[in-house]
Amino acid sequence: MIKAVHNSELWQRLHSADHGVIIVVGTGQWGKTATVHSLIDSGAFRDRNVALVKYSQEFIEAHSYPDNYRAVPWPDDISDILGILHPSRDVVVVDDSIFIAGARDSGTRENKGLQKLMTIISHNELFVILTIQNTSMLDISMFQSQDVYMIHKNMDVVAIEQERDAQKISQTIANLYLQRKMKDYSGIVHPKAWGYCSTTREIIAFKLPSWWQPAMSKPFKGMVMH
Ligand SMILES: Nc1ncnc2c1ncn2[C@@H]1O[C@H](COP(=O)(O)OP(=O)(O)O)[C@@H](O)[C@H]1O
Ligand SMILES: [Mg+2]
């Protein structure tokens, strides 16, 4: 069976929620960024605007993103975030969130900021989507909320070794399911389209939005991140 995003339980839950954190995890180039845009394009967040953190506005304008996409900075003081975002009207995307939330620099201003953002999420009608190659890179506090939805893309075996203990099992299960689907639907569904949602326990086919361009995989190309 091929379950499209709009037919998934994940879609139903997001569509009827007013806040939450969606984490898309998997090895580089396995379709995390594409999955984020596919999920948004499915209408799961209704007609919310999309705020891409630390993307450049020039990059967004140079590519065929929908009109409701915009670049937002990461504020120096997270308390200012509500001046940049409109909780009930935005979905915030923190793509490659390692750049602002590395667990190894848990004392950094950005990481404290992300923790504070999690608190803001639970008190406001805000959705945040994070992509990351390995959850060991994220601060544990991200997972303590009940409103976290986890989507697994394929992960290299070596990378699974680095995973948090609690994630090793669900990622191993995810890989098995994903590889099975890739095999069964080879030539029918693009192998990178599949994602396993461990929150709703289902495999979803995330197809590319009609406006997708390959360059959208590299939003930070040439940018110095700090
Ligand atoms: N659902 C999909 N269908 C077809 N191709 C895909 C799909 N998802 C990803 N790809 C291909 O893989 C490339 C890398 O995907 P991307 O989302 O940028 O990976 P990641 O963010 O994990 O590094 C994309 O540019 C695209 O060419
Ligand atoms: Mg990416």
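**Close-up views of the predicted model**

**Figure 1. Helix H2 and the residue that follows it.** Gly43, which follows H2, has a positive phi near 85 degrees. The model shown here and in the other views is a predicted one. H2 spans residues 32-41 and is mostly covered, with 10 of its 10 residues buried. The buried residues run through Lys32, Thr33, Ala34, Thr35, Val36, His37, Ser38, Leu39, Ile40 and Asp41. Their cover includes strands E1 (20-25), E2 (49-53), E4 (90-94), E5 (127-132), E6 (148-152) and E7 (194-197).

**Figure 2. Strand E1 and its two partners.** E1 is largely enclosed by the rest of the structure, because 6 of its 6 residues are buried. In a regular strand, side chains alternate between the two faces of the sheet. In E1, Gly20, Ile22 and Val24 point one way, while Val21, Ile23 and Val25 point the other way, and all are buried. E1 pairs with E5 in the parallel sense over 6 bridges. Across this pairing, Ile22 has Ile129 of E5 as its bridge partner, and Val24 stands opposite Thr131 of E5. The pairing of E1 with E6 is parallel as well, over 5 bridges, and Met150 in E6 is the bridge partner of Ile23.

**Figure 3. The hairpin of E7 and E8.** Strand E8 (residues 202-205) pairs with E7 in the antiparallel sense over 4 bridges. One bridge joins Tyr196 to Ile203 in E8. The hairpin has 4 residues between its strands, and Arg201 takes a positive phi near 55 degrees.

**Figure 4. The largest nonpolar core.** In soluble globular proteins, nonpolar side chains tend to be buried together. The largest nonpolar core of this model has 50 residues, of which Ile23, Val91, Val92, Val93, Val128 and Ile129 touch the most other members. Val92 is in contact with Ala51, Val53, Leu85, Leu126, Phe127 and Val128, leaving aside neighbours within four places in sequence.

**Figure 5. Asp95 in its loop.** Asp95 lies in the loop between E4 and helix H5 (98-101). This residue counts as buried because 22 other C-beta atoms are within 10 Å. Not counting residues up to four places away in sequence, Asp95 touches Thr33, Val36, Leu52, Thr131 and Pro219. Gln167 is 72 residues from Asp95 along the chain, and the C-alpha atoms of the two are separated by 20 Å.

Methods:
Residues are numbered from 1 along each chain as its sequence is written. Chains are lettered from A and ligands numbered from 1 in the order in which they are written. This is a predicted model: local features need pLDDT of at least 70, side-chain atom pairs count only at pLDDT 80 or more; totals for chains, interfaces and linings use all residues. A residue is buried if 20 or more other C-beta atoms lie within 10 Å of its own, exposed if 12 or fewer, and partly exposed in between; C-beta atoms are placed from the backbone. Helices (H or I, at least four residues) and strands (E, at least two) are DSSP runs, numbered from the N terminus. Two residues are in contact if their C-beta atoms, placed from the backbone, lie within 7 Å. Two strands pair if DSSP finds at least two bridges between them. A nonpolar core is a set of buried Ala, Val, Leu, Ile, Met, Phe, Trp, Tyr and Cys residues joined through C-beta atoms within 7 Å.
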